[in-house]
Every structure is written in structure tokens, then in C-alpha cells.
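Work through the exercises below with the sequence and the model open. Try each task before reading its solution.

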Amino acid sequence: MEVEKTPLEGVLLIKPKVWGDARGFFVETWQQQRYAAAGIDLPFVQDNHSMSTRGILRGLHYQKTHPQGKLVCVSLGSIFDVAVDIRPGSPTFGRWFGVELNEQNQWQLWIAPGLAHGFVVTSDTAHFHYKCTDYYCPADEAGIRWNDPDIGIPWPVADPVLSAKDAVTPLWAEVRAGLKS
């Protein structure tokens, strides 16, 4: 696998080797020793799989006191995946990184604990998988408004479909003011 640092501290783009022929393909999506050598050595405690349709935007989510590291990928379809650094004191605090993950490239994104995360579906449907380093804790979940101009993410969908919860998340200035340094 090839591992690339991104401009965002704590986010790695992983490009696994894909073996393919006329029958299909094979890709190794997780191997503890290789990922530990790349710096991803936290234990994973939960795996999730979601399916969404075109234009669905999920995020930008984070957990306040139980931050989750996430290793994310797409097995079917395509998404624009985004991480935002919300860790006070981080050299990339307040910055974001986004990349297209899809069934063709089979890329993965490692998002360290303490970053906000979201994605929008750019294909008819997408199957999104992610491994987490901490358990989902609904009472601890928070979010940042997906289209906050202070963050400035150029989402590839003009009018996404949001959950009721995501439609009313606070702006970055409010979230930033409440973060502990």
C-alpha cells in the first residue's frame, strides 16, 4: 500500500494495492502490521457500514469527550469525504482536507481522533465503511454546519439532503469558542 500525508495533521490518504483481472479484483482493506508501520496503531473497537443515495450529506460530526479515529473507505459508488481539524493547539487547527473516495480507486482515509468528519454522496448510491477507535456515544456527538463560510469547503453538491440534526448544527465560530485548549 502507498501512504500519503495530507496537508492536514493527523489525516493520511491510503492507496491499497488492488489486484484485478477479468474476474474482478482483490484488495486488502486492513492488515494490522502494515497500518501500524504507517502510524495507525490505535485499536479499532467498532466497524460501521452505511448506504446513502446521491446528494446525501452526513456531517460534519465529532464526539466531544470520546473522540473517534476513523479509517474510512467506499466499496460501491463515490463520495467526497472531508476531515476538519478541530483540535486546539494543532498546527492545522481550523483547516480541512477533502478527497474523492470511490469503488474504482479503493482509497482509504485515516482521520485521527479529534477531527470532525463528513461526506457527501456523488454517485447514485454509495456504500461507506469505517472502522472506529472508540464506541459511538450519542450523548457525546456534536457537529459543525456543513456549509460554514469560515471553513469554506467547496462541496460538489449545491443543495444536499441533510438530516434534521445536521441542518441545525452550529457554525464554526460557536464550536471553536467552546473547545478546550
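Helices (H or I, at least four residues) and strands (E, at least two) are DSSP runs, numbered from the N terminus. This is a predicted model: local features need pLDDT of at least 70, side-chain atom pairs count only at pLDDT 80 or more, and totals for chains, interfaces and linings use all residues. Residues are numbered from 1 along each chain as its sequence is written, and side-chain values use heavy atoms, with hydrogens and water left out.

**Exercise 1. Overall form**

Task: Count the helices and strands in the protein, then compare its radius of gyration with the globule rule.

Solution. 
Step 1. The protein has two helices and 13 strands.
Step 2. The radius of gyration is taken over C-alpha atoms, and the globule rule is 2.2 Å times the number of residues to the power 0.38. For 181 residues a compact globule would have a value near 16 Å; the protein has 16 Å, so the two agree.
Step 3. Along the principal axes, the C-alpha atoms fill a box of roughly 50 × 35 × 30 Å.
Step 4. Contact means heavy atoms within 4.5 Å. Of the contacts with a separation of 6 or more, 79% join residues 24 or more positions apart.

**Exercise 2. Surface and charge**

Task: What share of the residues is buried, and how far apart are the mean positions of the positive and negative charges?

Solution. 
Step 1. Buried means under 20% relative accessible area, exposed over 50%, and partly exposed in between (1.4 Å probe, protein chains only). Buried residues make up 46% of the 181.
Step 2. Accessible areas come from the Shrake-Rupley method with a 1.4 Å probe; for residues, only the protein chains shown count as cover. The protein exposes about 9300 Å², and carbon and sulfur atoms supply 53% of it.
Step 3. Lys and Arg count as positive and Asp and Glu as negative, while His and the chain ends are not counted. Each charge is placed at NZ of Lys, CZ of Arg, CG of Asp or CD of Glu. The mean positions of the 16 positive and 20 negative charges lie 2 Å apart.

**Exercise 3. The cores**

Task: Which residues of the largest nonpolar core touch the most other members?

Solution. 
Step 1. A nonpolar core is a set of buried Ala, Val, Leu, Ile, Met, Phe, Trp, Tyr and Cys residues joined through side-chain atoms within 4.5 Å.
Step 2. The largest has 26 residues; Val11, Ile40, Ile79, Leu101, Leu109, Trp110 and Leu115 touch the most other members.
Step 3. Elements that give two or more residues are β2 (11–15), β7 (70–76), β8 (78–85), β9 (96–102), β10 (108–111), β11 (115–121) and β12 (125–132). β2 gives the most, with four residues.
Step 4. Apart from this core lies another, of 18 residues, among them Tyr62, Ile86, Val120 and Trp146.
Step 5. Return to Leu109. Beyond four places in sequence, Leu109 touches residues including Val11, Leu12, Leu13, Leu71, Val72 and Phe97.

**Exercise 4. Backbone exceptions**

Solution. 
Step 1. The bond from Gly59 to Leu60 is cis, with omega near 10 degrees. Leu60 is in strand β6 (residues 57–63).
Step 2. Gln106 has a positive phi, near 60 degrees. Gln106 lies in the loop between β9 and β10, and is buried at 9% relative accessible area.
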